[in-house]
Amino acid sequence: MRVDIGNALASEADPGIDRAALDDLDERVADAHDRIARGMADDEFGYAALNLPERADAAEIEAAVDGFDPEAVLTVGIGGSALGAVTITEALAGDSPVDHYALDNVDPAHVDRLLDDLPLAETVVHVVSRSGTTAETLANFLVVREAMESAGVDWTERTVVTTGESGPLRELAEREDLPALDVPEGVPGRFSALSTVGLVPAAIMGVDLEGLLAGGRAGADALAESLFECPAYAYGAVAYALDERGASVNAMMPYVEGLESFAEWFAQLWAESLGKEGGGQTPARALGATDQHSQLQLYRAGPRDKLVTVVRPRERPDCPIPETDVEDLAYLGGQDLGTLLDAEFEATEASLAAAERPSVRVEIDAMDAASVGRLLFDMEAACVLAGELYGVETFTQPAVEWGKKAARGLLGGGDFAEADAVAEKTELVVE
């Protein structure tokens, strides 16, 4: 991965960081790297995520799905249990004959539509829950099971489970002799893309798992004591520094359709990890060049509270634009759609720079397995580095757990003080 932070320097942008401050920050990066390296070496909770590219077993995952030849694979999970898988298959499985869908919400209309459209007899279900009790995941799985049974499909022949060592889902897998994989120990869901959690649909769809993990290992090998030597740390440190100087929003804007879900994955990673103690940078999602025509106006001319992160592959497939006899469009003829998209990318950077708005350029070599694996790993490492600089507990999510308890209490799943708070809601109703 290649990161260009030039447009985030104070001489170019407001807010920005000057070189002296960047050099001072680099000393803190060195200390943070030492902490991260110790956490990885000791396999500490959270830091263990950065060991996944070395420890994930592609052969084990491929063996678990061996024999399946479906038309579709359905991930049933929520948050990190689904977003990583969707990100990987969207980026890398575009040519696969297998379609990937995800049930990561419990909107009944959406669930009904999806199950009506799926070829259930030709669908493999991958259900993911560390605890085996995640309300949304297990509720959706029960609905999927019933739909399969109603369609005369034996769900036990078409289900793969990824879960913890114990719990209802593990017990179900053992009772029904389902293929079952272990959720990696000590790894929060949002950091688990390069593991059993995120790789099962990719394996079914023929994605190069070894290439993905090799890309992640390259990212791990590139971790260094200086942000000037490590792209992941350069990104995490500059994002942190700009937030401290007023850029409280980070707009992730990939210039390739295959990374649209990556922006959503990044949003969870950044928000859930760093939104602590009254701080944290708010992630926004955009897609270039589409959102040049919708959001760029705000980024360039609105409040000076945004960092725009633009992402692209350095290689694109060819798609020539035909010649035309329309005079006003003649400049397009003989060009290529990739060339046009790159021009849009560079125009966005220039537009922001001209308005003295900070941006960071992130480039990967191509939309291939190694490059995507490197991108995912580096963004995880950037997030961990940022968490060290903020001084927060990067790997916890107490606000999320509060909401889970409140919802479970409302459904009669136990006595939780959080559920009582719902009745205390202030109302001011207008009809």
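Cys230 is buried (under 20% relative accessible area, with exposed over 50% and partly exposed in between, for a 1.4 Å probe and protein chains only), at a relative accessible area of 3%. Cys319, at 37%, is partly exposed. The model is predicted: local features need pLDDT of at least 70 and side-chain atom pairs pLDDT 80 or more, while totals for chains, interfaces and linings use all residues. Residues are numbered from 1 along each chain as its sequence is written, and side-chain values use heavy atoms, without hydrogens and water.

A disulfide is taken as a pair of cysteine sulfur atoms within 2.5 Å, and the count by this rule is zero. For Cys230, the closest cysteine sulfur belongs to Cys383 and is 14 Å away, too far for a bond.

The whole structure holds 10 aromatic pairs. Rings of Phe, Tyr and Trp (its six-membered ring) pair if their centres lie within 6.5 Å; planes under 30 degrees apart count as stacked, over 60 as edge-to-face and the rest as tilted. Two of these pairs involve Trp270.

| Pair | Centre to centre | Angle between planes | Type |
|---|---|---|---|
| Tyr235 and Trp270 | 5.9 Å | 55° | tilted |
| Phe266 and Trp270 | 4.9 Å | 25° | stacked |

Tyr235 lies in helix α10 (residues 231-244) and Trp270 in helix α11 (residues 260-274), so their pair ties together parts 35 residues apart in sequence. Helices are DSSP runs (H or I, at least four residues), as are strands (E, at least two), numbered from the N terminus. Phe266 and Trp270 both belong to α11, four residues apart, about one turn of the helix. Tyr235 and Trp270 are buried, and Phe266 is buried too.
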